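Subject: Model for your files

Hello,

Here is the structure I said I would pass on. My notes on it follow below.

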Amino acid sequence: MKFILAFVLTFFAFNSGSANCNNTYASAGYSLSHAKKSMGANNFEHQQYYAERALSAFEKARTQNENCGCQKAINPILDGIENLETALNQEKWDMGRFYTKKALENAEQLLNNLDICTVGGTYQETPGETSAEYSPEEIIAPASEAAESNDWDVKLNYKQQAEAELAELERTIRELGNLFQCEKVKQLLISHKVKTENELQAESLETIRAFYMSQAVAMHNKALFAMIECSKKLE
């Protein structure tokens, strides 16, 4: 039974950090998505509506990041909140878009920094480098040019993170099989499936999340049951 306990503890220790950051990552994706929709709006009312939803997502990310513990996420979250609050206080469409554009950059930075915290992303900020400054005139563009898919970036980011975590889980299970000399674990054919771009476009985020979660559960259960069989031989 000691082997089973060791496996379970190792499994949850590995996954606890990423699990704590999943909600923050999702909220960051929503802030990006809503900021893009705000930029693509062709009237002031819609622009303000989606800016408010982006602000709500940033505020959720701020709370969720307390459990995630990603220090690099703090500044882009606070900057995004400040820029969106300023955008919502504007009385003109162009100035609202100006500050929403800055918040959009904050959301992109937030996702990059969360990648560093959760899946070992390689983004690095060049010393002395700051986000490009835009004047209101420079960022005003036809709505058709600014509009992008509402969910695509959120889905793609989730797919990349989920597949990276599942690959690491596979590696951890195989290493545990070698460590405990458990042939049943070593013989398991563990591999995860991936979503194509066409599937990402056609399916909802909830469906994609369920797809990857079911694989994590199945991988864990297969390894656990195999480990139980090995432990029985040592009793």
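The S-S torsion of Cys182 and Cys230 is about 80 degrees, so this disulfide is right-handed. Its sulfur atoms lie 1.9 Å apart, and a disulfide here is a pair of cysteine sulfur atoms within 2.5 Å. The structure holds 1 disulfide. Cys182 sits in the loop between α7 and α8 (183–186) and Cys230 in helix α10 (residues 205–232), so the bond links distant parts of the chain, 48 residues apart.

This is a predicted model, in which local features need pLDDT of at least 70 and side-chain atom pairs count only at pLDDT 80 or more, while totals for chains, interfaces and linings use all residues. Residues are numbered from 1 along each chain as its sequence is written, and side-chain values use heavy atoms, with hydrogens and water left out.

Helices (H or I, at least four residues) and strands (E, at least two) are DSSP runs, numbered from the N terminus. Just after α7, Gln181 has a positive phi of about 55 degrees.

α7 packs on α10 at about 5 degrees, the axes being 10 Å apart. Axes are lines fitted to C-alpha atoms, for helices over the stretch in contact, and angles run from 0 to 180 degrees between N-to-C directions. The two helices are therefore roughly parallel (under 35 degrees; over 145 is roughly antiparallel, 65 to 115 roughly perpendicular, the rest oblique). Residues in contact (heavy atoms within 4.5 Å) include Tyr158, Leu166 and Ile173 in α7 and Ile208, Tyr212 and Met219 in α10. By class, this contact has 14 nonpolar, 1 polar and 5 charged residues (Ala, Val, Leu, Ile, Met, Phe, Trp, Tyr, Cys and Pro are nonpolar, Asp, Glu, Lys and Arg charged, the others, Gly among them, polar).

Helices α2 (residues 44–68) and α3 (residues 74–88) pack at about 155 degrees, with axes 9 Å apart, and are therefore roughly antiparallel.

Regards
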